[in-house]
Amino acid sequence: MQNLTRAHDELFRRHPDERFASLSDLWDHCQRMKQWSSVNWVSPGEFAVEPSQSSLCLNLQGASMSMTDWSFSQLCSLAQVSKDTVNRLSPETATSVFVETWPRGSKPFQVLSVENMVQSVHRASYTRLYNADLLAIVKEFAVGFQPPQQACPDIVDGDTRPATGLYCGEQDMFCFLIDPTGWVEIEGEAFAPGFMAWNSEVGRRTVGIQTFWFEAVCANHIVWDAVDVREFTRKHTTNVHEALNQIRDMILRLVELRDQRRDSFAKVIRNAMTTTLGEDAEQVMQVLRNHGIQKAVADQALKIAQRQGKFTIFSVVDALTRLAGQQANAGDRTEADARGSSLLALAA
């Protein structure tokens, strides 16, 4: 079993304005950003870095535009100059640096912008996958999944927006969902399904998904004791949109396993409600004793179960569970629950 910390790391690096309360809110935001964004192909000769007050701006095909920190980093990378060095220069001197170092040639760059802000600058080999397209797959196929419990919000500039595991900023998007009602038994222990999906429209990170079954998620969004952990990632190259098919299939596999295991458990419960442990109290007592249940506890359980008319497996397990809840010691309760639940195997 593994402890997964990816969602925990995201929690503590996100600003309040990057947090979203629900999957619908996150999808609405990403859909608006997709609608407001535009991609232009700009030749190297149509780029011009210009001073703007105390910083720099881009003149693209005659239009003056601001830059995000990420797009400015990309600009420096394309010009092969140090971002730290440029930040130490005056706007006028920095402009001269870009005039001298900007690549020549005819191959255009693709520029992603939202209104008057440049979000990213890429070479032609980059293929964009919009966050909204990934979340559309999640919304359609991750039926029954929802964010985990809210983490304690950081107070940043008076903003106490809750952290739910759903984030989107200028550089990337992250989505953490679980099915809190999907608990099933795997090798004698209870697990629920969950997954994390991520993407970047500006080339900050790959597109990917990680699916798993977990025993617990703490308030800091650490996933404890995860099993069947599967991960898929893809870079934003020519066939990146094919990643959506793989992500859809991984979510469907998780849903199908959840439903199969849930149906299997439901079948056991149905059988337990109709299968008797014996014709009379004496026969049932012998079965309970064979499963390590003390005589005094078995006597009490039989009296409770008898009120339901028959000594079915379900009625006896239910009686034992109630009695276990009366134990003062947590260890004793756990042991009593385990012995009572072992009777369900007789209904499998």
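Helix α2 (residues 23-36) packs against helix α6 (residues 131-141) at an angle of about 150°, and their axes lie 8 Å apart. Axes here are lines fitted to C-alpha atoms, for helices over the stretch in contact, with angles running from 0 to 180 degrees between N-to-C directions. Because angles over 145 degrees count as roughly antiparallel, that is the label for α2 and α6. Their crossing is left-handed, meaning the near helix is turned anticlockwise from the far one by less than a right angle.

Before going on, a word on the source: this is a predicted model, where local features need pLDDT of at least 70, side-chain atom pairs count only at pLDDT 80 or more, and totals for chains, interfaces and linings use all residues. Residues are numbered from 1 along each chain as its sequence is written, and side-chain values use heavy atoms, with hydrogens and water left out.

So who meets whom between these two helices? On the α2 side you'll find L23, S24, L26, W27, C30, Q31 and K34, and they meet N131, A132, D133, L135, A136, V138 and K139 of α6. Contact means heavy atoms within 4.5 Å. Sorted by type, the residues of this contact are eight nonpolar, three polar and three charged.

The buried ones are W70, S71, F72, Q74, L75, C76, L78 and A79. Just past the end of α3, Q80 takes a positive phi of about 60°.

Next up is S55, which sits in strand β4 (residues 55-60). Leaving out residues up to four places away in sequence, S55 touches E50 and P91. In sequence, S55 and P91 are 36 residues apart, yet their C-alpha atoms are 5.7 Å apart in space.

Stepping back, the protein has eleven helices and 14 strands. Helices (H or I, at least four residues) and strands (E, at least two) are DSSP runs, numbered from the N terminus. Here are some whole-protein values:

| Item | Value |
|---|---|
| Buried share of the 348 residues | 44% |
| Share joining residues at least 24 apart, among contacts between residues at least 6 apart in sequence | 65% |
| Accessible surface | about 17,900 Å² |
| Part of the accessible surface belonging to carbon and sulfur atoms | 48% |

The accessible areas come from the Shrake-Rupley method with a 1.4 Å probe.

Definitions and conventions. Buried means under 20% relative accessible area, exposed over 50%, partly exposed in between (1.4 Å probe, protein chains only). Angles under 35 degrees count as roughly parallel, over 145 as roughly antiparallel, 65 to 115 as roughly perpendicular and the rest as oblique. Ala, Val, Leu, Ile, Met, Phe, Trp, Tyr, Cys and Pro count as nonpolar, Asp, Glu, Lys and Arg as charged, and the others, Gly among them, as polar.
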